[in-house]
Amino acid sequence: MPRYTVHVRGEWLAVPCLDGTTTIRWLGKEAVRRYMKNKPDNGGFASVEEVKFYIRRCKGLGLLDLDDTVEEALEDNEFVEVVIEGDIMSPDFIPSQPEGVHLYSKYREPEQYISLDGNSLTTEDLVSLGKGLYKIKLTPEAEAKINQSRELIERIVKEQTVVYGITTGFGKFARTVIPNSKLRELQVNLVRSHSAGSVGKPLSPERSRMLLALRINVLAKGYSGISLETLQQVIEAFNASCLPYIPEKGTVGASGDLAPLSHLALGLIGEGKMWSPKSGWADAKYVLEAHGLRPITLKPKEGLALINGTQMITSLGCEAVERAGAIARQADIIAALTLEVLKGTTRAFDTDIHTVRPHRGQVEVAFRFRSLLDSDHHPSEIAESHRFCDRVQDAYTMRCCPQFPVLEAVVPQCLCLNPSLQMVFAERAETISGGNFHGEYPAKALDYLAIGVHELAAISERRIERLCNPSLSELPAFLVTEGGLNSGFMIAHCTAAAL
């Protein structure tokens with residue numbers, strides 16, 4: 001018997017069909033009938049027959065012909081959306097697909113894997129995981145460490161040892177001992193209560209995938225006490241691209257990303273909303289079921305393990321680092337072109353100058369300029385044309401480009417993948433509550449990154465001004481012929497100055 005999950009006015013309904021010859025129109029009417037049955041006022045309708053609607057796939061939002069049969073138009077267990085004519089969208093309505101739906105309609109499940117051990121993930125790998133280019137698996141070493149730390153948690157529970165967050169409440173309730181029969185409920189309540197702290201639009205699928213991947217990577221370190229079984233379920237959800245609803249706002253930094261990570265955990269236990277390319281947004285339990293997955297049943301300590309950390313700050317920071325790196329490389333190329341056009345000298349990029357002040361970013365930028373500009377391998381005709389001119393040095397905006405590296409010291413700090421509040425040291429047979437969840441390290445690194453990108457924009461604007469100003473460039477004003485009749489790059493420079 002084919003079965004479909006149908007979205008009607010923000011609610012999800014499971015609608016079985018007797019056979020594949022049922023029409024799309026019948027599916028829509030049956031979904032509306034079930035919707036009306038659940039409403040005290042019948043949803044404002046007198047009868048199903050008066051409701052006019054059309055139906056579209058959740059994946060790709062393609063319209064369906066109401067006269068087609070379900071076996072012709074749909075796959076078994078597909079997600080569809082009934083759109084009722086005349087409805088005005090509520091401001092709280094969550095569309096079945098995020099912006100850029102055309103990108104997700106063509107999603108293809110990746111075949112390659114990245115192996116995580118908790119220590120070797122790079123920003124480039126993380127961005128690739130966010131784009132859905134890879135699946136995840138654990139290394140054998142990571143699995144062994146996870147099992148060792150879990151054994152210690154099981155022993156604590158069995159011996160009824162009083163340990164914060166495992167056999168006690170949280171925060172002010174740290175002295176309240178919880179009986180063993182309530183320990184699972186304790187973890188679920190923790191996730192539910194802390195997920196009340198985030199608001200706003202959901203993160204994009206790419207950013208949600210990055211956040212989930214980074215959380216898996218931290219748990220792979222083997223210090224959280226999560227069981228291998230539970231972590232494998234998290235990995236299965238990632239590999240199926242089942243992504244919980246994680247609001248954009250709610251992290252407080254000082255306590256890590258408790259609220260956003262609680263939303264992450266909420267979807268994994270089958271509550272709240274979840275998205276996949278197959279379903280769009282739907283109730284988490286339906287999305288997991290559609291991919292053959294079970295909601296996670298939290299064991300003692302596992303709720304705490306899932307929500308403690310700075311993975312929202314860090315994953316967005318890693319994305320920013322990758323974007324800033326691309327911008328910085330482009331800026332160096334553009335600056336080199338500007339230097340060439342303004343007949344500048346390459347002397348300021350001499351190797352010995354930058355060896356004296358050994359900042360890695362400065363050395364790299366100078367090397368890039370030497371590679372791009374006049375060299376034995378790539379002689380410059382422009383440089384040759386003023387080899388014997390009387391210019392001593394160039395303006396700061398060209399001469400000091402190496403002293404404006406964007407990424408120096410940021411990458412290693414941004415990748416400080418903080419484990420959690422309470423760390424499990426299996427080799428010491430001990431759990432220790434500390435402050436590794438704090439967001440100070442990535443916050444400082446990203447503040448530095450923001451300063452660096454700002455400075456890159458400022459020096460770029462000054463170079464644009466130099467190119468457009470004939471008294472500085474020896475070029476036509478605003479780089480245009482017939483100035484006056486034509487304004488050239490006048491407004492381009494004004495825009496750069498405004499920004």
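**A closer look at K301**

A: K301 is found in the loop between α10 (284-290) and α11 (302-307); helices are DSSP runs of H or I with at least four residues, strands are E runs of at least two, and both are numbered from the N terminus. Before we go on, this is a predicted model, where local features need pLDDT of at least 70, side-chain atom pairs count only at pLDDT 80 or more, and totals for chains, interfaces and linings use all residues. Residues are numbered from 1 along each chain as its sequence is written, and side-chain values use heavy atoms, with hydrogens and water left out.

What is the phi of K301? It's positive, at about 80°, even though K301 isn't a glycine. Most residues other than glycine have a negative phi. K301 counts as buried because its relative accessibility is 1% (buried is under 20% relative accessible area, partly exposed runs from there up to exposed at over 50%, with a 1.4 Å probe and protein chains only).

S241 isn't a glycine and has a positive phi of about 60°. You'll find S241 in the loop between α8 (228-239) and β8 (243-244). With 0% relative accessibility, S241 counts as buried too.

Now zoom out. The protein chain has 499 residues, and 48% of them count as buried. Its secondary structure comes to 20 helices and 13 strands. Of the contacts (heavy atoms within 4.5 Å) between residues at least 6 apart in sequence, 71% join residues at least 24 apart.
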